[in-house]
Amino acid sequence: MNGRAMERSKDYRSFWPRYLGEHDKPATRALHYLGTSLGLILLAGGVATGLWWLFPAALVCGYAFAWLSHAAIERNRPATFTHPLWSFISDFRMLFAWLGGGLAADLYSPASHR
């Protein structure tokens, strides 16, 4: 890893563009989408079946794909370690923005590359 780590942000508004900058490569985002989606499927499966072990499996799945992408592709430290809640929220925000076709506007705005 190159040692780059997301610095602490004072608020979520300043965090989001920096978060996007830490997820610059399409392969990184793809692994995040995969992990978050599989996590949601496991969560839904846990609710539908009552199998309690699917709930922690959902978290492990989501984080495993995300952390793998940061280690192998971006070569940076996941934002989870500096802003756990904002990072968790942003994984879903990024997925749903991508699904809705609105992520490109965020990715290519000047604020996302500060």
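This is a predicted model: local features need pLDDT of at least 70, side-chain atom pairs count only at pLDDT 80 or more; totals for chains, interfaces and linings use all residues.
Residues are numbered from 1 along each chain as its sequence is written, and side-chain values use heavy atoms, with hydrogens and water left out.

The protein chain holds five helices and zero strands, and from the N terminus on its elements run α-α-α-α-α; helices (H or I, at least four residues) and strands (E, at least two) are DSSP runs, numbered from the N terminus. Of the 114 residues of the chain, 35% count as buried, and its accessible surface comes to about 6600 Å², of which 68% belongs to carbon and sulfur atoms. Buried means under 20% relative accessible area, exposed over 50%, and partly exposed in between (1.4 Å probe, protein chains only); the areas come from the Shrake-Rupley method with a 1.4 Å probe, and for residues only the protein chains shown count as cover.

| Residue | Relative accessibility | Class |
|---|---|---|
| S69 | 0% | buried |
| Y33 | 7% | buried |
| R75 | 44% | partly exposed |
| W98 | 45% | partly exposed |

A search of the whole structure finds ten aromatic pairs, for which rings of Phe, Tyr and Trp (its six-membered ring) must have centres within 6.5 Å, with planes under 30 degrees apart counted as stacked, over 60 as edge-to-face and the rest as tilted. Among them, Y33 and W98 form a stacked pair, at 4.3 Å centre to centre and with 15° between the planes. Because Y33 lies in helix α2 (residues 26–49) and W98 in helix α4, this pair ties together parts that are 65 residues apart in sequence.

Elsewhere, Y12, F15, W16, Y19 and W86 form one aromatic cluster. R93 lies over the face of W16, at 3.9 Å from the ring centre.

S69 lies in helix α3, and a polar contact of 3.2 Å joins its side chain to that of H32. Leaving aside neighbours within four places in sequence, S69 is in contact with T28, L31, H32 and E74.

R75 is found in the loop between α3 (54–74) and α4 (84–99), and its phi is near 55°, a positive value in a residue other than glycine.

Key. A polar contact is a pair of N or O atoms within 3.5 Å; within protein, one must be able to donate a hydrogen and the other to accept it, and residues adjacent in sequence count only if both atoms are side-chain atoms. Contact means heavy atoms within 4.5 Å. A charge sits over a ring if NZ of Lys or CZ of Arg is within 6 Å of the ring centre and within 35 degrees of the ring normal.
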